[in-house]
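Have a look at the structure first.

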Amino acid sequence: MTGIRIVADNLSIHLPIYNINSLNLKKTLLRVGTGGRIHAASKCLVVEALRGVSFAAEEGDRIGLVGLNGAGKTTLLRAVAGIFHPTGGSLRVDGRVVPLLAVGVGMHDDATGHENLRSCALQQGMTVAEIDAKIDEIAAFTQLGEYLDLPIYTYSAGMRMRLGFAVATAMDADILALDEVIGAGDAVFINRAMERFNSLLNRTRIVLLATHDLGAIRTLCNKALLLGEGRVLDFGPTESVLDTYARCVATR
């Protein structure tokens, strides 16, 4: 195989939950584990977050991940990003993955904005040379000015979001894994963020987008992957899969 691609073959991911000391909590978790997704192991509970997932993404694909809360969308994105590893089956990812899963994760409150820009960029996988080449542009996009010289515990939630979003969208990706990334900030910033976000999408070879915004799925994606209780329920052209999703929601 050559080129940028993602191939999942019967992929399963089981997540252990340790230190469940409350018997009532354990019983509750087992009770809500629909479809056998939560079961007791020797010393822990195990959540079967993905079960037998198979699909392939090729260059040019923009795939919307849809499904109810708990369907496995975020777990799949984390697996593609290399955060979770297969328990069963296989997952092949050819290309540089940039995950936009939780903007601002890894920031240090006592460090300045400038220091966090650099440390977050390193955590995202940017090289020192890439950071040096882009740091001024990233700082300018935040429009935080002299606040970048202050520790970020002085920042509002919106200012922290600007900082994290600026770093996350600066890196060039082959594969982009997105999980509801724009959700805060004033109207002016959101407009600028969408322009930057669209620029990132245009220079990315494969996009996986998990969102409850079906309008965004229709606008941005040529395919959709419907997950339910960790399994693939449908995969194919966007409108066809969204029709299946609508029927699933209507029958609940």
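This is a predicted model: local features need pLDDT of at least 70, side-chain atom pairs count only at pLDDT 80 or more; totals for chains, interfaces and linings use all residues.

Residues are numbered from 1 along each chain as its sequence is written, and side-chain values use heavy atoms, with hydrogens and water left out.

**The chain overall**

- The secondary structure comes to eight helices and ten strands, taken as DSSP runs (helices: H or I, at least four residues; strands: E, at least two) numbered from the N terminus.
- Of the chain's 252 residues, 43% count as buried (buried is under 20% relative accessible area, exposed over 50%, partly exposed in between, with a 1.4 Å probe and protein chains only).
- Among contacts (heavy atoms within 4.5 Å) with a separation of 6 or more, 71% come from residues 24 or more positions apart.

**Helices α3 and α4**

- Helix α3 (residues 113–124) and helix α4 (residues 128–142) have axes that come within 10 Å and cross at roughly 135 degrees; axes are lines fitted to C-alpha atoms, for helices over the stretch in contact, and angles run from 0 to 180 degrees between N-to-C directions.
- That makes α3 and α4 oblique to each other (under 35 degrees is roughly parallel, over 145 roughly antiparallel, 65 to 115 roughly perpendicular, and the rest oblique).
- On the α3 side, His-114, Leu-117, Arg-118, Ala-121 and Leu-122 do the touching, and they meet Val-128, Ile-131, Asp-132, Ile-135, Ile-138 and Ala-139 of α4.
- Sorted by class, the α3 and α4 contact has eight nonpolar, one polar and two charged residues (Ala, Val, Leu, Ile, Met, Phe, Trp, Tyr, Cys and Pro are nonpolar; Asp, Glu, Lys and Arg charged; the others, Gly among them, polar).

**Aromatic pairs**

- There are three aromatic pairs, counting rings of Phe, Tyr and Trp (its six-membered ring) with centres within 6.5 Å; planes under 30 degrees apart are stacked, over 60 edge-to-face and the rest tilted.
- One of them is Phe-55 with Phe-235, edge-to-face at 5.9 Å centre to centre and 70 degrees between the planes.
- This pair links distant parts of the chain, with Phe-55 in strand β3 (residues 45–58) and Phe-235 in strand β10 (residues 231–237), 180 residues apart.
- Phe-55 is buried at 5% relative accessible area, while Phe-235 is partly exposed at 29%.
- Tyr-147 and Tyr-155 are also edge-to-face, with ring centres 6.5 Å apart and planes at 85 degrees.
- Tyr-147 is partly exposed at 44%, and Tyr-155 is buried at 8%.
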